[in-house]
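Let's take a walk through a protein together. Have a look at the picture and the sequence first, and then we'll go through it piece by piece.

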Amino acid sequence: MEAILIKVMAFVLIIALSYVLKRVGFFKTADFKLISNIVLKLTLPCAVISNFNRINVESSLFELVLVGVLCNLLTIGIGYLAAFNKGRNERAFNMINYSGYNIGCFTMPYIQSFLGPSGVVATCLFDAGNSLRCTGATYSMAASVARIGDRPTVALFFRRMFASIAMDVYILMVILVWLHIKLPPAVTAFTDTVGEANPFLAMVMIGVGFELHPSRKNILHVGSVLLHRYLVAAILAWLFYHYAPFSPEVRKILTLIAFAPVSAVCAIFTAKCKGDVALSCTINSLTIVLSVIFMTTLMICL
């Protein structure tokens with residue numbers, strides 16, 4: 001437990017340090033775009049390749065990919081409905097920032113320390129479905145709602161979705177795992193090295209983008225997002241723990257994942273949809289703090 005808390009607090013410290021460095025001029029607000037491009041197009045895809053190349057999966061557990069997709073669709077729908085009577089931009093913002101689960105950068109340390117290798121396999125499969133949404137598909141839906149760029153069409157939806165390198169890599173690696181194909185050491189030597197930087201850069205990205213907006217409107221918006229997010233998490237966790245058609249160990253994993261923070265790439269796609277990046281980073285940072293509390297409490301109780 002102590003090792004888990006130390007690692008999580010290290011993540012929080014990286015966010016705080018990055019924010020302080022931005023305030024003193026070491027980072028500029030414009031650096032967010034550069035760092036987010038490195039995360040989305042380089043370190044995250046490499047981390048995905050390395051993690052998936054290490055696992056062997058029972059065919060029955062591939063149902064967890066669908067669970068990851070459905071959890072995202074649920075939170076996307078709730079985000080949309082929460083802003084149903086508001087503008088398109090706010091609906092698109094909610095669709096992105098209500099959904100997605102930060103697995104690789106945050107949840108995995110909990111799972112690795114608490115439930116071991118089999119827990120990592122199940123978490124990776126959930127993350128495959130989760131990432132199929134949050135690394136491309138959710139953005140494509142939100143961009144259509146916000147009417148960013150060209151007139152929404154089915155072709156444009158899929159073009160936006162598959163333009164995400166991270167999503168393309170997830171699809172490829174799920175197929176390779178299904179076919180029991182392993183990549184050669186020459187490839188994984190590179191992806192291991194680059195992928196190890198992903199948690200650090202993702203936390204730096206959040207810290208650089210973080211801003212506090214004390215206005216009443218923004219406080220209410222953040223409060224609404226967090227309330228909906230964790231109310232849904234509590235319901236899902238209860239359903240997973242008592243009714244999910246998996247082993248007790250996998251049910252515990254899903255219970256923990258339900259309380260994971262929102263995806264680290266939410267801020268990236270908020271920027272692409274011309275949304276409030278600083279507000280997105282604020283929500284992201286606060287979900288990390290709340291998830292530390294909720295997930296640690298669950299580990300003690302389960």
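**A walk along the helices**

Let's start on one helix: Leu 231 sits in helix H10, which covers residues 216-243. Keep in mind that what you're looking at is a predicted model. Is Leu 231 buried or exposed? Its relative accessible area is 52%, and since exposed means over 50%, Leu 231 counts as exposed.

Now zoom out to the whole chain. How many helices and strands does the chain have? The count is 13 helices and 0 strands, so if you read along the sequence you just get α after α: α-α-α-α-α-α-α-α-α-α-α-α-α. The chain has 302 residues, and 55% of them count as buried.

Which side chain does Asn 130 touch through a polar contact? That partner is Asn 72, and the contact between the two side chains is 3.0 Å.

Leu 13 belongs to helix H1, residues 2-23, and with a relative accessible area of 57% it is exposed. Follow the chain from Leu 13 to Gly 207 and you cover 194 residues, yet the C-alpha atoms of these two are separated by 9.5 Å.

Time for some charges. Side chains of opposite charge can pair when their charged atoms come close. Searching the whole structure turns up 2 salt bridges. One of them joins Asp 192 to Arg 54, with 3.1 Å between the closest N and O atoms. Asp 192 is in helix H8, while Arg 54 is in the loop between H2 and helix H3 (63-82), so this pair ties together parts that lie 138 residues apart in sequence. Asp 192 is partly exposed at 26% relative accessibility, whereas Arg 54 is exposed at 54%. Lys 86 and Glu 90 form a salt bridge too, and here the closest N and O atoms are 3.5 Å apart. Lys 86 has a relative accessible area of 46%, which makes it partly exposed.

Which residues form the patch of positive charge on the surface? They are Lys 33, Lys 41, Lys 272 and Lys 274. Lys 41 is found in helix H2 (residues 31-53), and at 49% relative accessibility it is partly exposed. Lys 274, on the other hand, lies in the loop between helix H12 (266-272) and helix H13 (277-301), and its 65% relative accessible area makes it exposed.

Lys 274 has one more thing to show you, and it's about the backbone. Most residues other than glycine have a negative phi. Lys 274 isn't a glycine, but its phi is positive, at about 65°. You'll find another example at His 180, which is not a glycine either and has a positive phi of about 60°. Where does His 180 lie? Look in the loop between helix H7 (165-178) and helix H8 (185-195). His 180 is exposed, with a relative accessible area of 60%.

Key. Residues numbered from 1 in each chain as written. Predicted model: local features only at pLDDT ≥ 70, side-chain atom pairs only at ≥ 80, totals over all residues. Heavy atoms only, no water. Helix = DSSP H or I, 4+ residues; strand = E, 2+ residues; numbered from the N terminus. Buried < 20%, exposed > 50% of the residue type's maximum accessible area, 1.4 Å probe, protein only. Patch = residues over 30% accessible without salt bridge, like charges linked within 9 Å, V, L, I, M, F, W, Y side chains within 5 Å. Areas by Shrake-Rupley, 256 points an atom, 1.4 Å probe, with all protein chains shown as cover. Salt bridge = Lys/Arg side-chain N within 4 Å of Asp/Glu carboxyl O. Lys, Arg positive; Asp, Glu negative; His and termini not counted. Charge placed at Lys NZ, Arg CZ, Asp CG, Glu CD. Polar contact = N/O pair within 3.5 Å; in protein donor to acceptor, adjacent residues only side chain to side chain.
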